[in-house]
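Hi everyone, thanks for coming.

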Amino acid sequence: MDYTVMMPAAGSGTRMGAGHNKLFLELNGKTILAHTLVVFQQDPWCTGIILAIKEDERAKIEMIIEQEQITKIRALPEGGSERQHSVKACLAAHQSGGIVLVHDAARPFIAKQVIHELATCALLHGAAVAGVKAKDTMKYVTDGIIEETADRERLWVIQTPQAFRYEILEEASLRAEKERFLGTDEAMLAEHAGYEVRIVESTYDNIKMTTPEDLAYGGYLLKKRLEETI
Ligand code: CTP
Ligand code: MG
């Protein structure tokens, strides 16, 4: 089977504090963006990559695409002020239907097996997102006082990729826009539109490079993977 991946890469990386888009930071001599692109370039199920970017970073990103020999790029639309707007720009650039995956450019450690399970699940059921079981006890707190302890058995930490039949994501996105509903992930838009969204169990190392300590852990993960393949 095949899928198209939509990759929002038009953020600012404020929490990373690098003073520029964190996707240009390097892990083992290669940018975070390059690491993530290579995963999909190398996956035979992936037939196209649509990357939402900032206009003033276009030249730099085109250079990375060329250097890494990423041949699956179908479009490089301009992203928006919120992640959801960047994903919308990807959707607008997508020509055909099929299965679409939305994946943060800032998650370079996604496993191919999880990608394939997500694509298969979306084909069968319409919508599926990657997640891991919560490890910690979680509580609802208001004004510094605990109100309630959440039932950990039912708590999942949600990641990307998030996979959909194209028509579902398109409808959910249009509806969110019409109703001015802003979600923090695509699943929220699909849930809002009344769709059932399934969870595919992912791995704890599919981290989003968000703060400086993630860089150190990311470097460790990469080193471990390289050692494993030797
Ligand atoms: N993203 C995007 N457009 C935006 C905001 C984010 O395409 N307006 C992308 C980022 O480039 C990243 C992914 O969405 O690949 C996940 O977002 P996040 O980790 O929050 O990245 P940033 O928004 O760049 O970081 P921060 O929130 O710390 O500023
Ligand atoms: Mg952000």
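Please find α7 first: on the face turned away from its buried side you'll see the exposed residues Glu213, Ala216 and Lys223. Keep in mind that this is a predicted model.

Now, which residues of α7 are buried? They are Asp214, Gly218, Leu221 and Leu222. Looking down the axis of α7, these buried residues fall within an arc of 100 degrees, so they line one face of the helix. Here is the general idea: an α-helix has 3.6 residues a turn, so residues three or four places apart point the same way.

What do the buried residues of α7 pack against? Their partners are β2 (26-27) and α1.

α7 has 18 residues, which at 1.5 Å a residue should span 26 Å; the C-alpha atoms at its ends are 27 Å apart, so the two agree.

Let's go to the largest nonpolar core, which has 45 residues. Within this core, Tyr3, Leu33, Phe40 and Leu51 touch the most other members. Several elements supply at least two residues each, including β1 (3-8), β4 (46-52), α4 (112-125) and our friend α7 (212-229). The one that gives the most is α1, with 7 residues.

Zoom in on Tyr3. Leaving out residues up to four places away in sequence, Tyr3 touches Phe40, Trp45, Ile99, Leu101 and Ile115, among others. Apart from this core lies another one, of 20 residues, and Leu91, Tyr166, Ile168 and Leu169 are among them.

That's my tour, thank you!

Terms used. Residues are numbered from 1 along each chain as its sequence is written. Chains are lettered from A and ligands numbered from 1 in the order in which they are written. This is a predicted model: local features need pLDDT of at least 70, side-chain atom pairs count only at pLDDT 80 or more; totals for chains, interfaces and linings use all residues. Side-chain values use heavy atoms; hydrogens and water are left out. A nonpolar core is a set of buried Ala, Val, Leu, Ile, Met, Phe, Trp, Tyr and Cys residues joined through side-chain atoms within 4.5 Å. Buried means under 20% relative accessible area, exposed over 50%, partly exposed in between (1.4 Å probe, protein chains only). Helices (H or I, at least four residues) and strands (E, at least two) are DSSP runs, numbered from the N terminus. Contact means heavy atoms within 4.5 Å. The expected span of a helix is 1.5 Å times one less than its number of residues. The arc is that of the directions from the helix axis to the C-beta atoms.
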